[in-house]
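Work each one from the structure before reading its solution.

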Amino acid sequence: MVKSYQHINSFFICLALFFCGRTALAQETILKIEIDPASTFQTIEGFGASDAWSCQFAGLWPAEKKDKMADLLFSTQTTKEGQPLGIGLNIWRFSIGGGSAAQGKASDIGDEWRRQYAFLQPDRTYNWNAMPGQVWFLKAAKTRGVKQFIGFVNSPHVLFTKNGKAYSTDGNCNLNFEKLPEFAADLVTTINGIKKQPG
């Protein structure tokens, strides 16, 4: 019993010394930072985010809700009191879908919010109305002053993957390199289609 108390007392003494030491250190250390706005060390080109994956759903919300969300993302305006209306993103990344949403449960992606539609359809035709939520946010970004857009893929379209899925089942690259020319052509067609549709 005495030994137990000795261990407990030793523990609390060590704990007290630790915190006292940290407090003393904090009181002795003063860090002074000066900012010279005339000196530039780096330039940040922009402040951006992507539409994957939630905008495919949020872009279908009622106008009042999705307009509010777009204002919060893209607006650079302020209230009369100087309060920002949004965070002023000036880069918007558009996720070029891999077609897993068209597969439904057969995609083996259990969460539908992680599946994506694509303009390219399983029959290899293009449906430019297949991604209305994301296209809405693309237009919303443009009308609120965003000028830089980036298209990206999380997966090649399932037509061009080794396993026919929008994810790798073996931890390796899932692109079927024999279909690389088709994949590249799809990206070009998709980008040109987006330019024509929402402008």
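Predicted model: local features only at pLDDT ≥ 70, side-chain atom pairs only at ≥ 80, totals over all residues.

**Exercise 1.** Find which residues are linked with Arg 144 in a network of salt bridges.

Solution. 
Step 1: Arg 144 also forms a salt bridge with Asp 67, where the closest N and O atoms are 3.2 Å apart. Asp 67 lies in helix α3 (residues 63-74), and 77 residues separate it from Arg 144.
Step 2: Asp 67 is partly exposed, at 30% relative accessibility.
Step 3: the network therefore consists of Asp 67, Asp 71 and Arg 144.

**Exercise 2.** Determine whether Lys 32 and Glu 34 form a salt bridge, and whether each residue is buried or exposed.

Solution. 
Step 1: the closest N and O atoms of Lys 32 and Glu 34 are 3.6 Å apart. The cut-off is 4 Å, so the pair is a salt bridge.
Step 2: Lys 32 is exposed at 69% relative accessibility, and Glu 34 is exposed at 66%.
Step 3: in total, the structure holds 5 salt bridges.

**Exercise 3.** Describe the geometry and the setting of the aromatic pair Phe 94 and Phe 119.

Solution. 
Step 1: the structure holds 8 aromatic pairs. In the pair of Phe 94 and Phe 119, the centres are 6.3 Å apart and the planes are at 0°, a stacked arrangement.
Step 2: Phe 94 belongs to strand β2 (residues 91-95) and Phe 119 to the loop between α4 (100-103) and α5 (132-143), so the pair ties together parts 25 residues apart in sequence.
Step 3: Phe 94 is buried, with a relative accessible area of 3%, and Phe 119 is buried at 3% relative accessibility.

**Exercise 4.** Decide whether the rings of Tyr 126 and Trp 128 are stacked or edge-to-face.

Solution. 
Step 1: the ring centres of Tyr 126 and Trp 128 lie 5.4 Å apart, with the planes at 15°, so the pair is stacked.
Step 2: Tyr 126 is partly exposed at 28% relative accessibility, and Trp 128 is partly exposed at 24%.

Notes. Residues numbered from 1 in each chain as written. Heavy atoms only, no water. Phe/Tyr/Trp six-rings, centres within 6.5 Å; stacked < 30°, edge-to-face > 60°. Helix = DSSP H or I, 4+ residues; strand = E, 2+ residues; numbered from the N terminus. Buried < 20%, exposed > 50% of the residue type's maximum accessible area, 1.4 Å probe, protein only. Salt bridge = Lys/Arg side-chain N within 4 Å of Asp/Glu carboxyl O.
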